[in-house]
Amino acid sequence: TMMKFPKDFWWGAATSVTQSEGTVPGDGKGDNIWDYSSRVFNNRFYDGVTTQDTSRFYAEYQDDIQRMQGIGLNSLRTSISWSRLIPDASGHVNATAVQFYRDVFARMRDAGVKPFVNLFHFDLPMYLQEQGGWENKDTIAAYRRYAEVCFEQFGDLVDTWFTFNEPMIPAEAGYLHDRHYPFVVDFRRAAQVLHNIVVAHCEAISAFRQTHLPTNIGIIMDVIPVYPRSQNPADLKAAHMADLFYTRSLNEVILKGSYPEELVSILKQYDQLPAEITAGELDLIRNTKIDLLGINYYRPRRVKTRDSEPNRHGIFSPEWFFDAYEMPGRRMNTSRGIEIYPEAIYDIAKKIDNEYPDIPWFVSENGIGIQNEEQFIQDGMVQDDYRIDFLKEHLYYLHKAIQEGSHCLGYHMWTFVDCWSWMNAYKNRYGFYRLDLDTGEKSVKKSGIWFHQLIEDNGFE
Ligand code: BGP
């Protein structure tokens, strides 16, 4: 039987500018931290591939928009490149960039693909990073101004706005886990970065409210739902702590307006509270409301109690309170090294419905990254039945939650065309379209054709 989705459901894909635009010499773009770090630390992750070599949306956007239309997408989330729009510390607005994004969004609308636009996808301009990045409160003011420019220049064309994609990641990956530039490992600094990003989010919402644009604004969070190894008190406590540090820390401040008290008192106890949190900021946070929530879901987090010392040489970290747990018999995506667990979509929906019943939400990213996809090419097309199965399984649980009343507005897959990634360039492919790195050719995969049919039917069997 056919599983039908609600009327006007958002069916689409998600991408980000750093991962898809590519740099064209002379286009007036300034460096962001990825342009810089993919050049300077290239050997660490990328085998010679930099942000310059991403999938050329900047040069080929007209064809790419036709490709979106070609598989029936009714919406697509991308971002704006801050360092393209405002390329240097003087703050001047790059007119070429304004024209470019206006043309992109206008063409998307004409093609029936609603532009969902995110302001920040990990891509801080280098001139701000050099002044301390998100640790510096001046970055909050610069971000608000950038947001104001975006609302003013593109407000008539954009369908739905987002302030940040995965705001936890710049803090966690950049200041705690040594994955993203500036490769700092210091919990207290990470917490300051997170707090400043939360304040910046609120500033952008406040700027948006002042424009009186008739559209909506939200935020996109990555959710890694936590599952304990067992129901033993020690494992349950471990799960509680993982959830507190990695999910509730951010969800509650954004969605309920304040940090969890338990978290604050633990950070006090370990002397890890960020130094710069003002009463004015806490007021602003309390009074900020979003219109909708995007959830990026890729994998569950399985945890157990920690029975050995954390291997971190005294550096305070959430991992002091729990340990990762590999569930026997778990299904893995071995390409990406993460567990596949579609049921979590249902659990996430239930949690939102219970804790934040007034906030409509959608799946803003979900997908599967696969290595060496060329091995599945037959008759000139990637026969990615594994991706179709992945989508079906996840959509099955989403459908189930919607049937039970969850206020879910749509589903966006990561991603549209195979793209460059933060830690491994082109190793894992996620797209509905394949990108051939040798020829530059973009060609639809079997999953793209399948998704098109699903959109036409507004459901699947
Ligand atoms: C999300 C990011 C995306 C994208 C995706 C795939 O966390 O928002 O930008 O990269 O993950 O993950 P990866 O590229 O690390 O395989």
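1. The model is predicted; local features need pLDDT of at least 70, side-chain atom pairs count only at pLDDT 80 or more, and totals for chains, interfaces and linings use all residues. Residues are numbered from 1 along each chain as its sequence is written.

2. The protein has 16 helices and 19 strands (DSSP runs numbered from the N terminus: helices H or I, at least four residues; strands E, at least two). Its C-alpha atoms fill a box of roughly 60 × 55 × 45 Å along the principal axes. Of the 461 residues, 46% are buried (20 or more other C-beta atoms within 10 Å of the residue's own; exposed means 12 or fewer, partly exposed lies in between, and C-beta atoms are placed from the backbone).

3. Helix 6 covers residues 95–110. Its 16 residues should span 22 Å at 1.5 Å a residue, and the end C-alpha atoms are 22 Å apart, which agrees (the expected span is 1.5 Å times one less than the number of residues).

4. Buried in helix 6 are Ala97, Phe100, Tyr101, Val104, Phe105 and Met108. They line one face, because they fall within an arc of 120° seen down the axis (the arc of directions from the helix axis to the C-beta atoms). On the other side, Ala95, Gln99 and Asp110 are exposed.

5. After helix 6 comes Gly112, with a positive phi near 80°.

6. The ligand is surrounded by 14 residues (C-beta atom, placed from the backbone, within 6 Å). The closest are Glu166, Gly369, Trp414, Ser421 and Asn428.
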